[in-house]
Amino acid sequence: MKKIILSLFVVSALFQSCSSDDDNTGGNENVIAPATYNFTRNGSTTVSYSGQTTRIAMAEELVSGFKVTSNSEAVLDAMFAHEAGNSDFSDADLNASDKNVRSKSAASTDYFASNTTDANAIKADFDSWIKLQVDEVFPNWANIATAGNAGQLQEGGGGSTRYINAKGLEYNQAFAKGLIGALMTDQILNNYLSVAVLDAGSNVEDNNNGVLAEGKVYTNMEHKWDEAFGYLYGAEADPELPTLSADSFLNKYLGRVEGDADFAGIAQDIYDAFKLGRAAIVAKNYDVRDEQAEIIRELISEVIGVRAVYYLQQGKGSLTTDPAAAFHDLSEGFGFVYSLQFTRKPNSNDPYFTKSEVDAFITTLMTNNGFWDVAPETLDVIAAAIAAQFDFTVDEAKE
Amino acid sequence: MFTLRKVFWSVFVICCMVACSSSDDNPGGGNNGDGYNRGALLINMADNIIIPAFQDLDAKLEALKSSKNTFIAAPNQVNLGEVRTAWLEAYKVWQYVEMFNIGKAEAITYAFQMNVYPTSTQDIEANVASGSYDLEHPNNNDAVGFPALDYMLFGVDVDDAAILTKYADAKYATYLSDLVDQMKSLTSIVLSDWNTTYRDEFVNSTDNTATSALNKFTNDYVFYFEKGLRANKIGIPAGNFSATPLPEKVEGLYSDVYSKTLSLEALKAAEQLFQGEAYLTNAKGESFKTYLEFLKREDLVSTLNTRFVEADAKLQVLNDSFYDQVNTDNTKMTQAYDALQKIVVLLKVDMLQAFNISVDYVDADGD
């Protein structure tokens with residue numbers, strides 16, 4: 001009898017741990033999240049993430065730069081690894097900024113502080129996509145692409161023109177969707193929500209005693225959490241009312257996953273977790289804070305996984321009838337697959353897929369003539385392998 | 001501790017989890033379990049509507065080919081008039097087949113090679129100039145078909161005299177000829193497939209699965225109504241999907257005065273298919289309408305009938321030239337769009353739900 005009761009309790013506890021209800025553990029009843037992500041001290045907002053907003057804007061200009069054939073590799077490299085004062089962007093504020101995208105790519109404390117080897121390899125991938133866009137694709141901008149030859153290909157029915165390498169890959173898509181993992185996801189899940197970062201130095205003591213960062217209205221710990229928030233909502237005009245169409249990166253694709261009825265509610269769950277976690281910092285309740293971090297890790301990882309499967313399945317459907325449309329989907333899928341290595345299984349220090357597992361997927365996709373001769377079965381196998389590590393099915397993700 | 005209440009809730013939760021697991025197995029197979037004879041509907045569609053319409057289009061394109069040959073042999077005003085007339089007659093019949101994007105038509109992306117507009121005059125002129133082109137390549141989807149002929153016959157120069165002069169150049173004559181021959185060839189391929197193998201495959205595919213003929217055919221119909229008819233002909237030029245109206249995106253831009261004619265034909269074709277009216281005789285057979293009646297959805301049939309009449313009326317009041325209509329009184333265009341949109345909702349939501357058919361297409365990603 002005791003055994004039965006115990007197992008029922010375990011099931012019950014499991015169920016509760018899956019729900020995002022925030023009343024399942026002791027000690028957090030004193031944390032009350034505000035209606036929106038709005039926190040103040042003495043009448044002034046304590047929320048700040050301008051650096052994240054800046055990097056999202058830089059990434060937007062850089063990705064747009066992939067389609068300007070007059071751009072040299074040096075011009076694009078300078079946008080990626082901007083230095084303060086250089087006129088790399090059309091926006092003067094971005095030019096003045098001392099922030100850049102490259103230094104924060106594959107740069108989280110948890111994953112890369114003691115793994116600069118992988119970090120360097122990942123940065124080298126992004127560098128190579130820039131270089132190859134300039135070297136391979138720009139010279140063939142007006143040529144019709146064929147298997148083994150870079151060029152342009154128009155989607156059927158008079159659709160958009162796609163600019164691809166010899167294997168059918170759009171480097172701009174690889175770069176943009178890869179950045180969703182290497183910059184946004186990695187910085188949020190593995191850096192700013194990391195205990196190592198939130199509790200660094202005297203952060204806990206300072207937060208407990210209301211000691212503010214020098215010259216600021218927030219504590220260091222509050223600010224770290226806000227910086228995580230900023231990589232998802234930093235381009236929103238009003239982060240208290242997110243539109244989820246504010247950028248071309250994680251924000252946009254959270255919106256896309258939210259738009260799939262199978263995943264409706266995920267956007268609110270993520271927003272609520274950010275809100276409650278931030279309120280927990282104000283309330284000095286670090287258990288509740290860390291629980292919210294785990295929720296965010298699981299759900300943002302799920303966004304990456306769903307979109308990877310979605311694009312592999314979308315591309316599969318039009319491989320023979322509309323190659324340009326298929327290659328575009330698969331190029332987006334390539335980027336989301338690449339991003340899987342930056343995901344984070346909750347309550348662990350591990351991604352859903354390791355770098356070597358991701359590299360194996362990429363190698364498979366790029367075998368021989370790449371997308372020109374990838375088999376539909378291959379796309380199914382990869383999609384199924386991805387879905388198997390998450391709590392969703394290929395069917396749920398694919399439309 | 002382990003209170004009785006907690007145990008109760010645990011059991012309750014488990015029950016809920018079991019109850020929530022969806023059972024989507026659908027007994028009944030061939031008739032979808034609702035007792036309706038789906039095969040009879042497919043037979044009426046294939047034998048009395050689809051195949052006769054393709055036969056007529058094939059004949060009209062044969063006539064176009066003949067007029068075209070006469071014209072390029074003797075490019076004069078009379079022959080230009082003949083080829084234009086033949087083009088319009090074929091274009092009108094096209095409105096009866098564009099919705100049948102299934103079987104061979106789907107496999108060879110037939111519709112993409114027949115009626116993509118706006119056509120790319122840049123691509124057409126480049127093809128003419130080079131004399132070297134693959135008309136089937138997706139990059140040429142917007143340089144072939146009826147819209148490309150619209151440009152070649154009406155817009156390739158400023159007036160008829162100048163157009164005739166163009167055809168003294170063998171490159172233009174060759175491109176015109178290749179376009180027409182390709183359209184005829186593609187249509188023959190699709191028709192032949194219906195006549196030889198696909199008809200039987202089609203009428204026997206009555207299961208309710210994503211790949212069965214009735215599900216695909218019904219989805220194709222609804223998709224066509226939403227995209228090919230509502231959006232392409234009316235919504236896009238009227239600016240319903242953009243910041244400002246885009247009158248240069250109308251169907252039949254260069255001939256200018258046939259946009260309304262073509263749209264009216266398209267709406268008529270869609271309604272006749274819904275009613276199950278034979279292409280040649282207008283005799284009525286099994287159709288979406290009779291299927292709905294079988295399901296006791298006379299209410300939906302009645303509403304749809306009303307909405308078809310209303311949409312027709314909204315199209316009737318438009319200028320022959322949609323380009324002019326958008327520029328002079330775009331409100332009438334958006335009113336026509338709204339009337340068509342009401343039908344889209346009834347077809348896509350109410351009718352598909354009644355048939356227990358899932359929508360198999362999603363709106364494009366848009367990036």
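View 1. The buried residues of helix 11 of chain A are covered by, among others, helix 7 (171-192), helix 10 (220-233), helix 12 (266-282) and helix 13 (286-317) of chain A, where helices (H or I, at least four residues) and strands (E, at least two) are DSSP runs numbered from the N terminus, and two residues are in contact if their C-beta atoms, placed from the backbone, lie within 7 Å. Helix 11 spans residues 250-258 of chain A, and A:Leu250, A:Asn251, A:Tyr253, A:Leu254 and A:Val257 in it are buried; a residue is buried if 20 or more other C-beta atoms lie within 10 Å of its own, exposed if 12 or fewer, and partly exposed in between. An α-helix has 3.6 residues a turn, so residues three or four places apart point the same way.

**View 2. Packing of helix 14 against helix 15 of chain A.** Helix 14 (residues 323-339) and helix 15 (residues 355-365) of chain A pack at an angle of about 160°, with their axes 9 Å apart; axes are lines fitted to C-alpha atoms, for helices over the stretch in contact, and angles run from 0 to 180 degrees between N-to-C directions. The two helices are therefore roughly antiparallel, a term for angles over 145 degrees. From helix 14 of chain A, A:Phe334, A:Val337 and A:Tyr338 meet A:Val358, A:Phe361, A:Ile362 and A:Leu365 of helix 15 of chain A. The residues of this contact comprise 7 nonpolar, no polar and no charged, with Ala, Val, Leu, Ile, Met, Phe, Trp, Tyr, Cys and Pro counted as nonpolar, Asp, Glu, Lys and Arg as charged, and the others, Gly among them, as polar.

**View 3. Packing of helix 2 against helix 3 of chain A.** Helix 2 (residues 50-65) and helix 3 (residues 73-80) of chain A pack at an angle of about 165°, and their axes are 9 Å apart. That arrangement makes helix 2 of chain A roughly antiparallel to helix 3 of chain A. A:Met58, A:Glu61, A:Leu62 and A:Gly65 in helix 2 of chain A meet A:Leu76, A:Met79 and A:Phe80 in helix 3 of chain A, a contact with 5 nonpolar, 1 polar and 1 charged residues.

**Notes to the views.** Residues are numbered from 1 along each chain as its sequence is written, while chains are lettered from A and ligands numbered from 1 in the order in which they are written. In this predicted model, local features need pLDDT of at least 70 and side-chain atom pairs count only at pLDDT 80 or more, whereas totals for chains, interfaces and linings use all residues. Chain A contains 17 helices and 4 strands.

Methods
Parallel < 35°, antiparallel > 145°, perpendicular 65-115°, else oblique.
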